[in-house]
Amino acid sequence: MRSKIVAGNWKMNKNLSETQVLLEELSEKLPSTEAEVIVAPTFVNLADTARMLKSSKIKVAAQNMHFAESGAYTGEISADMLLNINVELVIIGHSERRAYFGETDEFLSKKVKAALANNMRVIFCFGEELEERKAGNHFKVVESQLKNGLFDLPAEAWQHLVLAYEPVWAIGTGETASPEQAQEMHAFIRKTITEAYDASIADEVSILYGGSVKPSNAREIFSKPDVDGGLIGGAALVADDFIDIIRAS
Ligand code: PGA
């Protein structure tokens with residue numbers, strides 16, 4: 001079901017004490033909102049976060065997971081491990097995973113399937129790099145990321161997916177896509193999904209924008225018809241900023 005979502009990707013930030021402080025502040029200040037609010041702390045603090053937010057409206061997501069059920073994958077975490085600590089949401093395909101850890105479309109597709117097979121919801125990230133946009137290839141790149149990562153999923157799987165369009169040139173750079181650029185790409189994404197599946201699936205999926213969203217630009221970006229909220233990095237680490245972004249949704 002398409003809905004507003006504001007998700008904070010904390011990346012490799014906040015130790016346990018800092019996590020507790022931020023969660024307390026967020027819980028205290030959380031405005032009443034129709035948006036689904038999600039935080040994704042680092043693995044080591046997921047279990048504590050899930051415990052702390054047990055009766056909160058704020059949901060918890062993992063930043064990554066492995067596709068195997070278990071086994072000899074040093075340093076990795078399985079879907080079962082996440083579910084066992086009440087984490088039912090996972091971010092897959094973040095551009096930092098793609099760029100720094102060599103995660104390919106093919107590898108990500110396996111992760112998506114494993115998460116869905118375990119009844120988890122997936123926030124699937126994708127987006128073009130600066131050179132690709134400059135060369136005018138951004139639509140082609142996004143189309144191929146969607147096709148290779150998601151388009152062999154059965155139609156029913158789409159109700160468990162959230163998409164996050166994150167142009168790499170806008171992540172952590174302070175440079176945001178303009179609301180028009182975000183809208184243009186989100187509309188293209190829906191068109192591509194319509195061609196691969198049908199209009200109802202394209203219409204029902206929530207598509208978040210990510211990349212330097214902050215209190216000063218969130219409202220305008222979120223007001224675009226095909227933008228259903230945001231995946232927030234840096235600004236999610238500051239309670240007041242994240243709260244303001246939730247208010248703007
Ligand atoms: P940013 O990160 O808001 O710091 O640009 C967004 C993201 O990587 O999800």
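## Ligand shell

Ala, Val, Leu, Ile, Met, Phe, Trp, Tyr, Cys and Pro count as nonpolar, Asp, Glu, Lys and Arg as charged, and the others, Gly among them, as polar. On that scheme, the shell around the ligand holds 4 nonpolar, 7 polar and 2 charged residues. The model is predicted: local features need pLDDT of at least 70, side-chain atom pairs count only at pLDDT 80 or more, and totals for chains, interfaces and linings use all residues. Residues are numbered from 1 along each chain as its sequence is written, and side-chain values use heavy atoms, without hydrogens or water.

In total, 13 residues surround the ligand (a heavy atom within 4 Å). The closest are Lys 11, His 94, Glu 166, Gly 172 and Ser 212.

## Polar contacts and cover

Polar contacts here are pairs of N or O atoms within 3.5 Å. Lys 11 places a polar side-chain atom 2.7 Å from a ligand oxygen. For Glu 166, a polar side-chain atom lies 2.6 Å from a ligand oxygen. Gly 172 uses its backbone: an N or O atom lies 2.6 Å from an oxygen of the ligand. The protein covers 95% of the 280 Å² of accessible area that the ligand has on its own (Shrake-Rupley method, 1.4 Å probe).

## Strand E4

Strands are DSSP runs of at least two residues, and helices of at least four (H or I), numbered from the N terminus. Strand E4 spans residues 89-92 and is covered on both faces. Leu 89 and Ile 91 are buried on one side, Val 90 and Ile 92 on the other (under 20% relative accessible area, 1.4 Å probe, protein chains only).

Strands pair if DSSP finds at least two bridges between them. E4 runs parallel to E3 (residues 59-62), with 2 bridges; Ala 61 stands opposite Leu 89. E4 also runs parallel to E5 (residues 121-126), with 4 bridges; Ile 92 has Phe 124 as its bridge partner.

Notes
A polar contact is a pair of N or O atoms within 3.5 Å; within protein, one must be able to donate a hydrogen and the other to accept it, and residues adjacent in sequence count only if both atoms are side-chain atoms. Buried means under 20% relative accessible area, exposed over 50%, partly exposed in between (1.4 Å probe, protein chains only).
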